[in-house]
Each structure stands twice: as C-alpha cells, then as structure tokens.
Amino acid sequence: MLSVFDIFKIGIGPSSSHTVGPMRIARRFLEEANNHGALDKTVRVRIDLHGSLALTGVGHGTDKAAILGLMGFSPETTDPDEAEAAFQNSKTANKITLHGGKTISFDAKRDIELRGDITPTVHPNEMHLTVFDASEKPLFEQTYYSVGGGFIASEKQLSTPAEDDLIARSREGRHFFGSAAELLKLCNENNLSIDEVILENEDDRRGRVETEAMLDQIWFAMRDCIDRGLKTHGTLPGGLQVKRRAPALFHKLQEAPLANEREQLFDWLNVYAMAVNEENAAGGRVVTAPTNGAAGIVPSVLKHYCASDGTMNLKHIRIFLLTAAGIGILYKQRASISGAEMGCQGEVGVACSMAAGGLAAVWGGTPAQVEHAAEIGMEHNLGLTCDPVGGLVQIPCIERNAIGAVKAVNAARLALRASEEHKVSLDQVIETMRQTGIDMSRKYKETSEGGLAVNVVEC
C-alpha cells in the first residue's frame, strides 16, 4: 500500500504541488541527466512551467523551489532560512551551483519560462526541463508532473493505467484495500481497527518501533509549526499585505476566562489551523496533510483533542495519524489530492475528511463510524474551488483551513451520534469528488483565473 509517510511528509511552504513537487522534480531531473552523461557538457539549464505551475507559480514559489532543487535541496531536510540565503545569492550572482558541484550561469528571467498559455493534457502541473551545451544544443530534456501532496511523476508513470500501477502495487501489502468497502471488510474479518490495519501494513516496511518514532516525528513537526505560528508576528510575503492573525488571537484566548471554554472551542481550532497556514504562506516548515495548502486542519484537531494543556497522548496521536492516513490513501488512489485537478475539495476537503475520521477513531468510533465521519467531512466540501487571490496561498486558504478544522470535528460528532446507517458511503463521496473535479471549470482549479482571484482587488 501507499505508506502513511507518503501522505504525511515534512517540507516547506507555501505549496506541496507548486513548491515541494517542483523542488523534487528539479533534483530528480539533474540526477537523471547525470545518469545520461549530460552534465559534464552542461552550461545552461532551462525550466519551462506550464498550466497551473505557470499561472500561480510565482505566488506559490515554484520558480524559487525549482532553483533550490537544481542546487540539491530536498524538501524534507531544507532549512527555510538557509534556502532563502542560497536563493538570494544565486539571484545576485546570476549563477547557480548545481547538485553535484558544477557552477553555471543562471538568469531566472531568461532560464525560467512561465507558459500559462499552455494547457497540459496529462496533468495541469507540467514542468519541462532541458540542459544545453555551449552551442545551445539540447543534451537532455524531460517532462514531469507535480500531482499533489508533493508527489511527482513522469509522463510514462502517469500514462500507466491505475489498475496496473497504484492498485497493482497496493496488492503487495499485507492488507490490500482499493476502496473503503474493502478496508471495512478487512477490519471486520480480522477484528482490527482502521489504524491497526494501516500499522500492520507499515510493519511490512520497517519495524514497529521505527514506525512509531516516525509518527511521533510527524506530530512533533506539526506541533512545532503551530508553536512558531503562534509566536511569529508580522506581514506575510507576496504583496497582499496580509497580517498574521494567529498570535493576537492566541493571546486573547490565553487571557480569556475558563468559563468560556465551550464557547471558545471554535477559537482554539481556528487559531491552531491559522498558525500552521500562516507559517506555510511564509515558506516555513510544515507537514503535508495531505497537502501544504490544507496543512492546518489535521494538526489543529490533533492539538486540541490529543495534546491540549501541555500534555500529549502519544497513543491517541498515533491512532489519529494512522487512521487519517488510511483515509488519505483512499483519496489518493481513487481520485486525487491535487488542487489543480480537483479544486480545493481535493485539498481542504480531503484534509477535513481525514481529520474527521482520525478524531472519530480517537473518540472510540468503530471502523464504520470512522468511515461515516470521513464521508461527512467530504460531503460538505464537494465543489469547493481553488481560487487563490494573487496566486498566493493566503486568501482564502488560511481561513479555509480554520473552517475545515471546525467542520471535521462536527463531522466526527455527527457520525458517532448517528442512530441509523448512513445512506452515502465514503466510496460514493470520493467518486463524486472525482467527477466534480473533472467537470469543474479549469479557472476554478488553482489558476487564479476565477472566483475570488478575479473579484478581489489586489492591494
């Protein structure tokens, strides 16, 4: 099966598909060019960004991410301050030291082409890279796609039918499931919870102790991101002059009387989600959950219900993450988690569904109740568009995560209090999301050509 750590990955903001993915693509391209024997003669690299990567690329930091990838930076290990310094030095010198040590001239205005007029046919996030020799002869070129959540693929990989690729590879796992119905059947036949099914699949990859340590590392990265977002004041980069709101709201909540605790539930969820997404918008260190644009929902719900008052229940945190990842795997296998393909229903909608299922599991829900919570979480995000103002992951993204966290909790509550079987299954809602994404106009899918992006005047 896809791993928990395919769904939850540590990286940098502001976008998993437009920042994390392109950084990985650029590094992978150089490795392939080197294997092809092309780097010795290389004096120039050109990057062509097509579709959504071009239309919202600058606001999402795609150009910067691609340059960092050429330098050998990896999202998982990148320090944002170090990366920014390397990027600025490259811009000043009009040079780049490629992964491997070779220094060549590089002028972003000349060597990065933003071709928003090109509409890719394979996937909206298309990236073509070429290396040239001194006579401007192409030595090696390749086209890749950033398919959401930091996942990347070549054209050949995307052209492979899903049945022959994801599903076939999934059958190698101890507990294969290609649908929520199959996952529930596994749970019933083996008397396992959803998190136990996912954990046993991870056992086939590594020892249990190592997996638990990796889950804890994911949580610690989420927690640290929340903490940074609650303490960091200022204005977010990009030109919209959006001020960070999480620190001030956090300060008010700390001073508020405990008598208002129930009334403040939404406020706590809001402030944690916004703290993460303000960090993401600033290019900080975040965890894809399942994407950067939707990175605040899972940590917000986790923080409030599993790590409040300075105490952590690691057992519950692991159950939450494993369950949420199992739900995320279903969306990744059966549809998409890319805003450029599905709109924001594929990002915030999926994150809401994952968090709802994770919380239902922590609250003692049966596998069927967890599936119901995940279904509710998506059902009421269907059709959600991706329309970032100015191509920045700020408006409406930051507040949208706050709303998504509140929805997730409500979905879990509704599922656990349902008195009869629900009529809509998780498989049905995932397929509905997929069909809706296909039918949705391109301008509402991370292009900044519709919705709020054209009706809100940039300041």
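**View 1. Glu189 and Lys185 pair up in a salt bridge.** Their closest N and O atoms sit 3.9 Å apart; a salt bridge here is a side-chain nitrogen of Lys or Arg within 4 Å of a carboxyl oxygen of Asp or Glu. The two residues are four apart in helix H9 (residues 180-190), so about one helical turn separates them. Helices (H or I, at least four residues) and strands (E, at least two) are DSSP runs, numbered from the N terminus. Glu189 and Lys185 are both exposed, where exposed means over 50% relative accessible area, buried under 20%, and partly exposed in between (1.4 Å probe, protein chains only). This is a predicted model, in which local features need pLDDT of at least 70 and side-chain atom pairs count only at pLDDT 80 or more, while totals for chains, interfaces and linings use all residues. Residues are numbered from 1 along each chain as its sequence is written, and side-chain values use heavy atoms, with hydrogens and water left out.

**View 2. Glu279 meets Arg228 in a salt bridge between two helices.** Here the N to O distance is 3.2 Å. Glu279 belongs to helix H13 (residues 265-281) and Arg228 to helix H11 (residues 208-231), so to speak a link between distant parts of the chain, 51 residues apart. Glu279 is buried, at 6% relative accessible area, whereas Arg228 is partly exposed, at 31%.

**View 3. Glu136 and Arg44 form a salt bridge, with N to O at 2.8 Å.** Glu136 lies in the loop between S6 and S7 and Arg44 in strand S2, so the pair ties together parts 92 residues apart in sequence. Arg44 is buried, with a relative accessible area of 11%; Glu136 is partly exposed, with 42%. Over the whole structure, a search turns up 23 salt bridges.

**View 4. Five strands make an open sheet in the order S5-S2-S6-S7-S8.** Pairing is mixed, and two strands pair if DSSP finds at least two bridges between them. The edges are S5 (112-115) and S8 (151-154), each pairing on one side only. Strands S2 (residues 44-51) and S6 (residues 125-132) run antiparallel and are joined by eight bridges, with Gly51 partnered by Asn125 in S6.

**View 5. Helix H2 (residues 16-35) lies across S6, S7 and S8.** The helix runs at about 150° to S7 (138-148); axes are lines fitted to C-alpha atoms, for helices over the stretch in contact (heavy atoms within 4.5 Å), and angles run from 0 to 180 degrees between N-to-C directions.
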